[in-house]
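Open the structure in your viewer and keep the selection tool ready. The tour goes from one selection to the next and says what is there.

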Amino acid sequence: MLRSFIEFFSFSDPNVVYVVVGTLLIGASSSIVGCFTVLRKRSLVGDAIAHAVLPGVCLAFLLHGEKDPLILLLGAFISGWISIIVIDLIVENTRIKTDAALGIVLSVFFGLGILLLTHIQKTGNASQSGLDSFLFGKAASIVGADLYTFGAVAVLLMVAVFAFFREFTLISFDPNYAQSIGMPVKWYQLVLSSLTVLAVTVGIQAVGVVLMAALLITPAVAARFWTHRLWLMIVLAALIGAIANVSGAFISYAAPRMPTGPWIIVVLTFLAMFSMFFAPQRGFLSKWRKARSSKARIFEENVLKLLYQLEEKDGNKKVDRSIQEMLKRRDWKHSEVKAALKRLDRRALVTGQSENWRLSQEGRMEGQRIVRIHRLWELYLTTVMKVAPDHVHETAEVMEHIINPPLEKKLMRLLNKPERDPHDSPIPYAEDDI
Amino acid sequence: MDFWFNDFWIILCGSLVAMSCAILGCFLILRKMAMVGDAISHSVLPGIVVAFFLSGSLSSWTVMLGATSLGLLTTFIIEMLNKRGGVQADAAIGLTFTFLFAVGVILIAANSGNLHIDQDCVLHGEIAYIPLDIGTTIAGIEIPRQAIILSVLFFVISTLVYLGYRGLFLTTFDPEYADAIGVKTTTWHYLLMAAVSLATVVSFESVGAILVVAFLIVPAATAYLLTDHFPSMLLLSCVVGILSSFTGYYLAVYLDGSIAGAISTMMGVFFSLAFLFAPKHGYLAKRLST
């Protein structure tokens, strides 16, 4: 394994250089265009185009009679391009929805392509062999001549995206606004679609018809988890695409039985899954942790509130309250209360041990604050919003955990530092004593 | 006589696949799930390969079970990615099926010495060989194995749709109402997905993974342009499927090319005709009325 790693990345074998540079260019260029297709919610258009290029390739071959790569590419480009026009035509003129239109175009074009391809194969034309690299991809056998095509396309795509960055961004995020400021939205959409077709025509030769969609979609999806900024997303997607493509090429170099295209997709998917789980902020894990910690905070506040209410009831600050006593007042689990109390103990908001606890001075202030907000909010609802007093408790239960000190102050000033809530309970202030 | 029978069996099998898929397709396109059907038809591949590896045959119960569970898994993963992972729906579909298909291809490559499925057959099937594989002989007539299997498939799917018509219909057209009167939307959803997976895997040998999509979507969409009455749509989609199998077969013979490809092409022709000339929803009717 290590030896093939060194062999591969020392680039002593010119074939390895071709494959690495080739897959790198394809990976990066399709990822860049893919960001826009994904943001425009047209991910599967790439899949449709990938299938739709086949009849163009075959017709180009039939008309031209030999396998000139540029003529084949042209054929592929034209039929891919027609396919998007047809999709739009169907969606705009009938009641058929986009998903079905995609499926129709994808499968009928591909069926026609297969018909033509099998027809060509049966004619016994010797130069036809290799046409099926448009079906399955041929990443492992990229040769020097291919690099010029791949390179040219990659450069063209990057230049176009760079030149029209502002326009593409606008039509991806807010086509209605773009229209309203007089931008020729349709035209830019057509340019963007044409670039997608171009990326697909080239990319398909690396991974094949079926997997092409992933080269467009997956890097963009992965990159989306890491950033909100579009240009950064594009750079990341290109990087992810490049890494996956080179890894795929390496795997099939180290284990020659292994196909390159599918491994590229597997690596891409793992990178996307990794991003989905571990990306900061948008990642699954970080969202889950945030949800858990806010749930824990709310519970702790509720425990403090309850302890404060118990003190309020009998006016005694110097006595421990047992967890059992608390459970009588609330529908909580013993273990979660105990865990919350231990966490509060660490923050010195309560004192005591195992079953018996009381508030510390800071804990008292905190519990009092929650109760205060709760009652202020209830009063606000009944006096300002004219809500019936028996309907205010539920929202107050939520708002007591949300309202921050500045808002609390405003609320207090608005209500003129009131003394009683709608249920005639006193509204406690920090300077008051129980 | 032999030659005539060849034609007959191939057209019959083509029609059976077309009808089974068309019926399911009607529900798929009305539920806006056409591309989920596409995804399933690709992602059953690893299920087929693993089950084939375990059982040693392409048309065994293991393979059907393997593929159907993969089909259900696909729908489940797509929903998970979408609802829990925050991946938009279209991207979730693309992500899922490409990955599973890639895994399938890798499994084929890893066991290439032991398996006789290749990528070609994945893509366009071998409907032309159907008459060669005789299943049983009744009254001196040799009946191909696939003809029997595909008849069973058609029977199973039409029975399912007949018996579950109310549930499928309600959850397709008015899921909220269905929920309100206690019809389990999720159950019918997964049942439909299971049926699509089953249809895909059974049709796999004859028409291949990708062209199943044509059979699922195109006749149903054609029928959708021709009628507003759902039972008529089911019937019309079957008619389109049969017509396509018939004409497609002779187109393939004429061009000496793939039969499944030719049938899909003819479906495209019929769809184009409906697109242009459908009485109410067609292109010309709309243009002329405005």
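## Charged pairs

Select Arg297(A), Glu301(A), Glu366(A) and Arg369(A): these residues are linked in a network of salt bridges (a salt bridge is a side-chain nitrogen of Lys or Arg within 4 Å of a carboxyl oxygen of Asp or Glu). The model is predicted, so local features need pLDDT of at least 70 and side-chain atom pairs count only at pLDDT 80 or more, while totals for chains, interfaces and linings use all residues. Residues are numbered from 1 along each chain as its sequence is written, chains are lettered from A and ligands numbered from 1 in the order in which they are written, and side-chain values use heavy atoms, with hydrogens and water left out.

Over all chains there are 17 salt bridges. Next select Glu311(A) and Arg364(A), whose closest N and O atoms are 2.8 Å apart in a salt bridge. Glu311(A) is in helix α14 (residues 284-314) of chain A and Arg364(A) in helix α17 (residues 361-383), so the pair links parts of the chain 53 residues apart (helices, H or I, of at least four residues and strands, E, of at least two are DSSP runs, numbered from the N terminus). Both Glu311(A) and Arg364(A) are buried (buried means under 20% relative accessible area, exposed over 50%, partly exposed in between, with a 1.4 Å probe and protein chains only).

Now go to Glu92(A) and Lys186(A), a salt bridge of 3.6 Å, N to O. Glu92(A) lies in helix α4 (residues 69-93) of chain A and Lys186(A) in helix α10 (residues 185-207), so this pair ties together parts that are 94 residues apart in sequence. Are Glu92(A) and Lys186(A) buried or exposed? Both are exposed.

Arg321(A) and Asp314(A) also form a salt bridge, 2.8 Å from N to O. Arg321(A) counts as buried because its relative accessibility is 3%, whereas Asp314(A), at 46%, is partly exposed.

## Strands

Select strand β3 (residues 356-359) of chain A. Trp357(A) and Leu359(A) are on its covered face, Asn356(A) and Arg358(A) on its uncovered one. Strand β2 (residues 350-353) of chain A pairs with β3(A) in the antiparallel sense over 4 bridges (strands pair if DSSP finds at least two bridges between them). Opposite Trp357(A) stands Gly352(A).

## Nonpolar core

Finally, select Ile96(A), Ile29(B), Phe215(B) and Phe271(B), the residues with the most contacts inside the largest nonpolar core, which has 201 residues (a core is a set of buried Ala, Val, Leu, Ile, Met, Phe, Trp, Tyr and Cys residues joined through side-chain atoms within 4.5 Å). Helix α1 (residues 2-30) of chain B gives the largest share of this core, 16 residues.
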